[in-house]
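Biologist: Can you walk me through this model? Start with the aromatic rings, please.

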Amino acid sequence: MDSIDKLLAELQTEYKEVQPQQQSKTATTKSFIPSSPKSASFIDNLLAEVQADFAQQDAAIELKRQQELEQERIRQEQLKAKQLEALKVQAKEWLAKVDPLSSEGLWFERFAESYSSKLEAAIEYLRNN
């Protein structure tokens, strides 16, 4: 948006610089064509339309970018959910195989005390190992 504002400012500056030069040229050639306020108003309206078009395009680009970010966020959440489901399956299998009287089984019993369920503890254990 800054580049559009800069461009519009440059155009307005050029217009203001060219307008006195044109008036001095026409005065010296005796073919004076009066510059009407209508033409200045027309240029201002045209510049406003161009600025509005650029603003609309910028808004459309920003909306598209936001939609893409939202889609990526959703995709990431789905991927995490899928990974969690796979980890749950692994944790259930691991829980079924672990011998509760082995050193690993006894250690796990102590580890699982701080979790709401053994499955949750097994998921955390497998996630970190």
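Modeller: A term to begin with: rings of Phe, Tyr and Trp (its six-membered ring) pair if their centres lie within 6.5 Å, and planes under 30 degrees apart count as stacked, over 60 as edge-to-face and the rest as tilted. This is a predicted model, where local features need pLDDT of at least 70, side-chain atom pairs count only at pLDDT 80 or more, and totals for chains, interfaces and linings use all residues. Residues are numbered from 1 along each chain as its sequence is written, and side-chain values use heavy atoms, with hydrogens and water left out.

Biologist: OK, how many aromatic pairs does a search of the whole structure find?

Modeller: The search finds 8 aromatic pairs. One of them joins tryptophan 94 and tyrosine 125; the pair is tilted, at 5.0 Å centre to centre with 45 degrees between the planes.

Biologist: Which helices do tryptophan 94 and tyrosine 125 sit in?

Modeller: Tryptophan 94 is in helix H2 (residues 37-97) and tyrosine 125 in helix H4, so the pair links distant parts of the chain, 31 residues apart. Helices (H or I, at least four residues) and strands (E, at least two) are DSSP runs, numbered from the N terminus.

Biologist: Are tryptophan 94 and tyrosine 125 buried or exposed?

Modeller: Both tryptophan 94 and tyrosine 125 are buried. Buried means under 20% relative accessible area, exposed over 50%, and partly exposed in between (1.4 Å probe, protein chains only).

Biologist: What about phenylalanine 108 and phenylalanine 111?

Modeller: Phenylalanine 108 and phenylalanine 111 form a tilted aromatic pair, 6.2 Å centre to centre and 40 degrees between the planes. They are 3 residues apart in helix H3, so about one helical turn separates them. Phenylalanine 108 is buried, with a relative accessible area of 2%, while phenylalanine 111 counts as partly exposed at 22%.

Biologist: Which residues form the aromatic cluster?

Modeller: Trp94, Trp107, Phe108, Phe111, Tyr115 and Tyr125 form one aromatic cluster.

Biologist: Where does tyrosine 115 lie?

Modeller: Tyrosine 115 lies in the loop between H3 and H4 and is partly exposed, at 24% relative accessibility. Leaving aside neighbours within four places in sequence, tyrosine 115 is in contact (heavy atoms within 4.5 Å) with Glu120, Ala121 and Glu124.

Biologist: And at what angle do H3 and H4 cross?

Modeller: The axes of helix H3 (residues 103-112) and helix H4 (residues 118-128) cross at roughly 110 degrees and come within 9 Å. Axes are lines fitted to C-alpha atoms, for helices over the stretch in contact, and angles run from 0 to 180 degrees between N-to-C directions. H3 and H4 are therefore roughly perpendicular to each other. Angles under 35 degrees count as roughly parallel, over 145 as roughly antiparallel, 65 to 115 as roughly perpendicular and the rest as oblique.

Biologist: Which residues in H3 and H4 meet?

Modeller: Glu104, Trp107, Phe108, Glu109, Phe111 and Ala112 in H3 meet Lys118, Ala121, Ala122, Glu124 and Tyr125 in H4.

Biologist: Changing topic: how many helices and strands does the protein have?

Modeller: The protein has 4 helices and 0 strands, in the pattern α-α-α-α along the sequence. Buried residues make up 12% of its 129 residues. Among contacts between residues at least 6 apart in sequence, 55% join residues at least 24 apart.

Biologist: Last one: where is valine 50?

Modeller: Valine 50 is in helix H2 and is partly exposed, with a relative accessible area of 32%. Valine 50 and leucine 8 are 42 residues apart in sequence and 8.9 Å apart in space, C-alpha to C-alpha.
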